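Welcome, and thanks for taking a look at this one. Here is a short report to read alongside the sequence and the structure.

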Amino acid sequence: MEISIMRDNRRLDAYARAEKKIKDIKSFYINLMCYCIVIPVLIFINLKYTPEYYWFFYSAIGWGCGLTIHGLMAYERLPFLTRDWEERKIKEIMDQEVNISRENNDNE
């Protein structure tokens with residue numbers, strides 16, 4: 001009975017992680033679509049009304065950097081910002097605290 005419950009919990013956890021990953025990827029594509037619509041509009045406005053100064057580069061580069069980071073995070077290409085990294089770090093910190101408490105108990 002307990003084994004079946006553990007399997008069900010693992011499946012639910014796996015489903016929740018997959019659902020979050022899909023949500024992150026979908027969010028990235030929405031961001032990319034907005035970038036592809038807004039930046040050309042800004043370019044048009046810039047060239048139409050102030051062609052002597054190209055200010056649209058600031059928006060394109062700034063948003064582009066954010067978009068790149070968003071994409072890298074959505075596809076888990078940044079090793080220090082992934083769910084696995086967070087879980088490993090949590091486990092590491094918890095293990096350190098357990099070791100410290102054991103050492104304190106041994107010294108008493």
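How far is the sulfur of Cys34 from the closest cysteine sulfur?

## The cysteines

The sulfur of Cys34 lies 9.4 Å from its closest cysteine counterpart, the sulfur of Cys36, and that is too far for a bond. Seen from Cys36, the closest cysteine sulfur is the one in Cys34, again at 9.4 Å. A disulfide is counted when a pair of cysteine sulfur atoms is within 2.5 Å, and by this rule the count is zero.

## About the model

This is a predicted model, in which local features need pLDDT of at least 70 and side-chain atom pairs count only at pLDDT 80 or more, while totals for chains, interfaces and linings use all residues. Residues are numbered from 1 along each chain as its sequence is written, and side-chain values use heavy atoms, with hydrogens and water left out.

## Fold and surface

The protein chain has three helices and zero strands, where helices (H or I, at least four residues) and strands (E, at least two) are DSSP runs numbered from the N terminus. In order from the N terminus, the elements run α-α-α.

Of the 108 residues in the protein chain, 14% are buried. Taking contacts (heavy atoms within 4.5 Å) between residues at least 6 apart in sequence, 59% join residues at least 24 apart.

Technical notes. Buried means under 20% relative accessible area, exposed over 50%, partly exposed in between (1.4 Å probe, protein chains only).
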